[in-house]
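Here is a briefing on a predicted model. Please look over the sequence and the structure before reading on.

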Amino acid sequence: MKTKLTRRVVLQGILAGSTAFATMRVLPTMAQQAGGTLNVGLTYELDTMNTYSTGFLADAQHTVIEGLIAPDKDARYVPVLAKEVPTLENGGIVLSEDGSKMTITYHLNENVKWHDGAPFTSADVKFTWEAVKNPDFIAESKDGTQDIDSIDTPDDYTVICNYNTVKPNFASTLFTFGIMPKHLLEGEDLNTSWYNEKPIGTGPFMVSEFVRGQYVVCDKFPEYWRKSADGDQLPYLDRLVFRIVTDSNTLVTQLQSGELDMAVSVPYGRASQLEGAQGVEIIVGPQLSWGHLDFNFRNELLADIAVRKAVAHAINRETLIRVQGGFPIPIKSLVLPLFDLYDDTTPEYAYDPAAANAMLDEAGFARGGDGIREKDGKRLSFAFVVQSGRADDENVQQVIIAQLKEIGIEATADNKTGVAYREARYSGGYDLIYGRWITSADPVYSTFYGSEGENNGQGYSNPELDAVFERLENTLDADERKAAASEMQHIIAEDLPAIALFQGVSVIAKPVELKNFVPNPTNMTNFVDTKEWYLEG
Amino acid sequence: MSLAYIVRRLLGAIPLLLGISVILFAIIQLAPGGPLDIYAENPSVSKEALAQIAARYGLDQPVPVQYFLWLKAVLVGDWGYSIRTGRPVLDEIVYRLGPTLQLGGLAMIISLLIAVPVGMISAARRGSKLDGTVTVLSFAGISTPVFWLALLLQLLFSVQLGWLPSAGYQSIGDGSFIDRLRHIIMPASVLSLATVASWSRFIRSGMIDVLNQDYIRTAYAKGRGEKAVLFFHALRNAMIPAVTVIAVDFVTIISGAVITETVFAWPGIGRLFMESMDGRDYPMLMGLMMMGSLAIVVANIVADICYAALDPRIRYD
């Protein structure tokens, strides 16, 4: 199943999630032990091991392929193959004189080897850009390739990217996903290449076997370029096995029976079944995702701000959270509180059905015989879409339907799956839609609520908001970004194209013995940094 | 029954399959969305790049042209590449067919071994307590949801007792006969449950019908024992209606048991079909559906041959 989205913004509904765990990492007093196998459940039908063309979050792929930089547990970028994350301060980013373009320089680590033993160099980085940009390559994630005009490689360990624009979010695209080996792939057709089965990367693990519909076996790369702080050769684990188990009941059963050690996206409703399962530890943490109820502005009744505000007051987040096992965290802004850009003064719509009813009365919507309001013969009756088969989402939908009924609004479930769902989502085949977005460490909000936003299926357009997005998304100045982001949050809360309901979490089941596991809240998945994981005992 | 007959039937199936392919191609195109939806709204994929991708798969052509291009390639054995995985359609299907045939085949054998004697005994002892019990169990079997039974078996045999792996096709690095057997027992049992139940009902009613015939009374009058009468005189005749049902069920099995495969993480055709459907993987879907259609045609021919084998009065020429 694929999404029509760029990788920056992934439809969480269909994808394996990842989480953050907002606790300090406790350094173990014992020495880390090398060895052991970790069996991980993948809850989707893995299509390809190529990180650029997979339609899913690249869980398994990230253990094999590394990028120049990567987001850490706090969604901040840290260097991987690059020696440092380029910034204005360290001279890695240089703006052109008129401020319309930028140049980004990466200095690469020098002792990095591909799994076949060949050295990793700047030529590989340039090749990756060219390969992904190539129109013949059918890739899910081509973000950022068009923003670069040219790449210079003055020596083997320096990469200079000449951008044709200023992109504050450059880090969440392209080179972060992973680098491909030029010496093996030059001239290959990446659509049908062997690379999609057994990619060669620089990561701590290498693919030994990928059996479609069954599993991927990733074995330790003994010549991995990084060592621990104590000088141990990394990674510690001998083997990571990703088993494809798409049925959530079976996933839980296998965790209970010990056939699986770990799963990173246990459905909320199933988490309680794992309590007391021997050797299994449940970790819950926030995720860069948020649940939202969107309005379709092509429906004239929903284009009425009074109706939207009434809906906002009719929703009781507490109940919605309760039906999801109590896991999600209520929010009032689409910018999640863990981001610097979050503005706590964003106005909030409290649960107040009386106020909602009063608003609708005032707007002239009177209750008909069946309790549903209408005005001028138009009933407040809406088609409500969620992705079918997602138990958590369907539960939320049922509660919202009941809550709307309280204020005389009728919502009828019109659920869809796969491409039909996406079609509805992007072409506005709904009146109300509930869904969840999961984003990278630096979300681009105009894709959701900008007039031209590629994820804006609502027909929503607000020129004032577009101007704010323009300022927010084309500057590297932190203060200016913060000011624009505040303005954005206030406008969205006032104009209410959508109601931000709660921040998602993901429920991770892991073995008690697995140490150094640090959940990652971003779309780069929990497997972006597996090198220091080890099994104790 | 002659070889010429079979050849003629197979040749006769060609226009049928052609007709089916036209209808399938049209239906797939009618479903909302398409395989390139993923890229259509991606700002990094320019209009030109999108056009190039479409041209690569021939998706820029009018639908009838696309159909003839597909047909032309298929006639020389080229089923194209999966848009989702980039692998040849035929490779993917062949790879998934093995596990599906193993699972389906074993389920059919289990079903036959249980359904035939059960159906016969119920018919011979019609109205007895045994018959009543079998009838109740059959309806319970037909009505039991597959995923529920699967879950109960998994909890009992994998979690509680730890005897069997709860899911999967084989252990990594093993794949020996015993290992495969341990993996297939539960899904095959679950898959055969509903078939056992329905087949035994068909065999029972067929037997009851046959047991009322004059030639059965004649056989008894000649002094043949009950077992001999049931096996040699009644069963063959009673199997004729059952063969039709079994042939239809065989096609279902080839097409993959989506729920059983999903619950037991079995890498079969059913799961492949679901993935391809969700991604609107046109070449893959055409390959899978044509294979299903071919299976129906073949199963029908085999059923006809079985009729003749069971009943010498039926002749084809």
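In chain A, 3 strands form an open antiparallel sheet, in the order 15-16-17. Strand 15 (366-367) and strand 17 (378-379) of chain A each have a single partner strand and stand at the edges, so one side of each has no neighbour in the sheet. Strands here are DSSP E runs of at least two residues, and helices are H or I runs of at least four, both numbered from the N terminus. Two strands pair if DSSP finds at least two bridges between them.

**Basis and confidence**

- This is a predicted model, in which local features need pLDDT of at least 70 and side-chain atom pairs count only at pLDDT 80 or more, while totals for chains, interfaces and linings use all residues.
- Residues are numbered from 1 along each chain as its sequence is written, and chains are lettered from A and ligands numbered from 1 in the order in which they are written.
- The model has an ipTM of 0.82 and a pTM of 0.83.
- The mean pLDDT of chain B (the predictor's confidence in each residue, from 0 to 100) is 85, and 95% of its residues score at least 70.
- Among the elements of chain B, the lowest mean pLDDT, 60, belongs to helix 2 (residues 37-40) of chain B. The highest, 91, belongs to helix 7 (residues 146-160) of chain B.

- Strand 15 of chain A is joined to strand 16 (residues 373-375) of chain A by 2 bridges, and the two run antiparallel.
- A:Arg373 in strand 16 of chain A is the bridge partner of A:Arg367.

- Strand 9 (residues 205-211) of chain A pairs with strand 10 of chain A over 6 bridges, in the antiparallel sense.
- Within this pairing, A:Phe210 has A:Val216 in strand 10 of chain A as its bridge partner.
- The two strands form a hairpin with 3 residues between them. In the turn, A:Gly213 has a positive phi of about 75°.
- Strand 10 of chain A also runs antiparallel to strand 11 (residues 239-244) of chain A, with 5 bridges joining them.
- There, A:Val217 stands opposite A:Val241 in strand 11 of chain A.
- Strand 10 (residues 215-220) of chain A is mostly covered, with 5 of its 6 residues buried. Buried means 20 or more other C-beta atoms within 10 Å of the residue's own, exposed means 12 or fewer, and partly exposed lies in between, with C-beta atoms placed from the backbone.
- The loop between strand 10 and strand 11 of chain A holds A:Pro235. A cis peptide bond joins A:Leu234 to A:Pro235, with omega about -5°.

**Helix 1 of chain A**

- Helix 1 (residues 122-133) of chain A has 12 residues. From first C-alpha to last it reaches 17 Å, close to the 16 Å expected (1.5 Å times one less than the number of residues).
- Its buried residues include A:Phe127, A:Trp129 and A:Val132.
- Strand 7 (148-155), strand 8 (158-163) and helix 2 (182-185) of chain A are among what covers the buried residues of helix 1 of chain A.

- A:Asn516 is not a glycine, yet its phi is positive, about 65°. A:Asn516 lies in the loop between strand 22 (514-515) and strand 23 (534-535) of chain A.
- A:Asn516 counts as partly exposed because it has 19 C-beta neighbours inside 10 Å.
- B:Ala265, also a residue other than glycine, has a positive phi near 50°. B:Ala265 sits in the loop between helix 11 (258-263) and helix 12 (269-278) of chain B.
- B:Ala265 is buried, because 26 other C-beta atoms lie within 10 Å.

Conventions:
Two residues are in contact if their C-beta atoms, placed from the backbone, lie within 7 Å.
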